[in-house]
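Biologist: I'm new to this one. Can you put it up and walk me through it?

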Amino acid sequence: MHKIGWLRAPLYATLAFLYLPIAVLMFMSFNASDAPFTWTGFSTKWYSVLLHSPLVIEGFKNTLIVAVIATVMAVILGTLLAIGIARYQKSSILEAIALTPAIFPDLALAIGLLALFATFKLSLGLHSVILSHALFCSAFVTAIVRGRLAQIDSSLEEAAQDLGDSQVGIFFRITLPSLKPAIIAGALLSFTLSLDEFVIAFFTDGPSTPTLPIVIYSMVRFGVSPEINALATLVLLVSIVIVIIAQRNVKVQDSL
Amino acid sequence: MKDLESNKERDAIQRRALLSRLIFLVPGVTYIVVLMLIPLGFIFVYTFLSRGTYGGIETVFTLSNYTRALDPLYLKVLLDSILIATITTLLAFAIGFPVAYAITKLPAHRQNLMLVLIVLPFWTNFLIRTYAWIVLLNTQGFLNQGLMKLGVLSQPISLLYKPSAVVLGLLYAYLPLMILPIYSALVRIDPAMREAAVDLGASPSEAFRQVTLPLAIPGVLIGGIFVFVPSLGNFIVPELLGGGKMIMVGNLIRDQFLKARDWPFGSVLALSMVLMLLLLFFIQARINKRILGVNHA
């Protein structure tokens, strides 16, 4: 009974629209010529150029530090908050507050954080980016874990409680294992979000520790180059792979 | 005695419940309050303060930041930004609605695959997705060269660095955020309702207009907000695809904080953006309430 008919046209046109620019970019990253637009032959030389660019390596290291620590923080904060809201304090206001960092314009979050760090005379650097990224990443973890909690039955936890298991025991033996897929997906998504985040990092980072998106920004402002194409291809592939892995645990589209 | 013991036991259980409530809720809530809500309070206070001589803030009360925002120069930037964001949102709806509707007509397993394909680009690096359009649209770029080879164009046309390029970039970035909520609204519609309308003599197109469309409105509104708000505050797309000639309110805010270092004025602009977001959510809630109210009656 599925009749899609002429509706195929907008659907496939939209997919082409979404993927064509990315595909062209990836294709051009293998161009032998350093003329950014003319195809002269296949080469992987721009990828080796990247590996020898100290700025790119440095940016990648900084980004990795930020993404790993911010993700650990986000998973702890987000998971606890999701359980707290689902099991102990059902409140729509609390739920709205928990998700706001994900919905709020990144620019507004960024200037707020900058103002906060300035007021408390906190120096800017990777530590301030980490604190800032943990904020919006935790909101995504909360959303994903909260979604999972709504699906799973709390009767197992209640049964364990009736059988005299302690609160701590219930948490580690029942709640946490049943949330594992959601927590893994939340961690993966918050890792990619942090890896790719530019606006908040741009405001809260210090000048001597640029993250990879800040490095990319300084490069793309000066136009098209084959090195950027190669770097962009790698960064896109990393995100795509991580999101596809996350997708195996939860439906990522439900958590947007 | 027994009562006393069970009382004690109940107290102990309540204490434990309170303790776990605190353990689960306090860290996350504190984090959001300290890093988001209090800073937004700072921004609000800044709007009434003066700019320091060397940047920063001086605690001298003034309303001049607000009057300055009403200067025609800045008002034009604000209105232009609203116009660009509105056009982007309308286009996203015009494209997103048929796409979301088409996905609901696919078999279940294909629906899931399509949704993943639609959201996947959204999770990738925003700067790179925007940059990809420069590669594609540049006068020496892929599209121009291709069209010239095919003989459609005799000389390259300039596709970048104009408002339409900004709209295109924003549309590209946020279209998935329109499709998803419309899709979720559409799949939740009980097919029995449409069948009932047809049984009562409605033609398929009437059933679509009278049943499907109104019930999709909540999804359309959420999608609209999700596209409009980030489009309005975006400064990357106007800078990269607008060629820096196009200034939107996001660029203005960024410049006040990082270049001009006029934080109080930047705060007024940011506040106007946040208030617009709140207003949109308020309107959305009101319309939703009316639609649901009609359905319940």
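Modeller: Here is a short tour by chain, contact side and residue. Keep in mind that this is a predicted model.

Biologist: What is the mean pLDDT of chain A?

Modeller: It is 90. In chain A, 96% of the residues reach 70 or more.

Biologist: And which elements of chain A have the lowest and highest mean pLDDT?

Modeller: Helix α7 of chain A, residues 155-162, has the lowest, at 80. Helix α9 of chain A, residues 199-204, has the highest, at 97.

Biologist: On to the two chains. How many residues of chain A are in contact with chain B?

Modeller: 62 residues of chain A are in contact with 65 residues of chain B. The largest share of chain A's side comes from α1(A), with 11 residues.

Biologist: How do the residues on that side of chain A divide?

Modeller: Into 45 nonpolar, 14 polar and three charged.

Biologist: Switching to chain B. What does its domain assignment give?

Modeller: Domain 1 covers 1-46 and domain 2 covers 65-296. Taken over C-alpha atoms, the centres of these two domains of chain B are separated by 39 Å.

Biologist: Now one residue. Where is B:Leu175?

Modeller: It lies in helix α7 of chain B, residues 163-188.

Biologist: Is B:Leu175 buried or exposed, and why?

Modeller: B:Leu175 counts as buried because it has 25 C-beta neighbours inside 10 Å. The cut-off for buried is 20 or more.

Biologist: Which residues does B:Leu175 touch, leaving out those up to four places away in sequence?

Modeller: B:Ala92, B:Ile95 and B:Gly96. B:Gly96 is 79 residues from B:Leu175 along the chain, yet their C-alpha atoms are separated by 6.8 Å.

Technical notes. Residues are numbered from 1 along each chain as its sequence is written. Chains are lettered from A and ligands numbered from 1 in the order in which they are written. This is a predicted model: local features need pLDDT of at least 70, side-chain atom pairs count only at pLDDT 80 or more; totals for chains, interfaces and linings use all residues. pLDDT is the predictor's confidence in each residue, from 0 to 100. Helices (H or I, at least four residues) and strands (E, at least two) are DSSP runs, numbered from the N terminus. A residue is buried if 20 or more other C-beta atoms lie within 10 Å of its own, exposed if 12 or fewer, and partly exposed in between; C-beta atoms are placed from the backbone. Two residues are in contact if their C-beta atoms, placed from the backbone, lie within 7 Å. Domain bounds come from an automatic or database domain assignment. Ala, Val, Leu, Ile, Met, Phe, Trp, Tyr, Cys and Pro count as nonpolar, Asp, Glu, Lys and Arg as charged, and the others, Gly among them, as polar.
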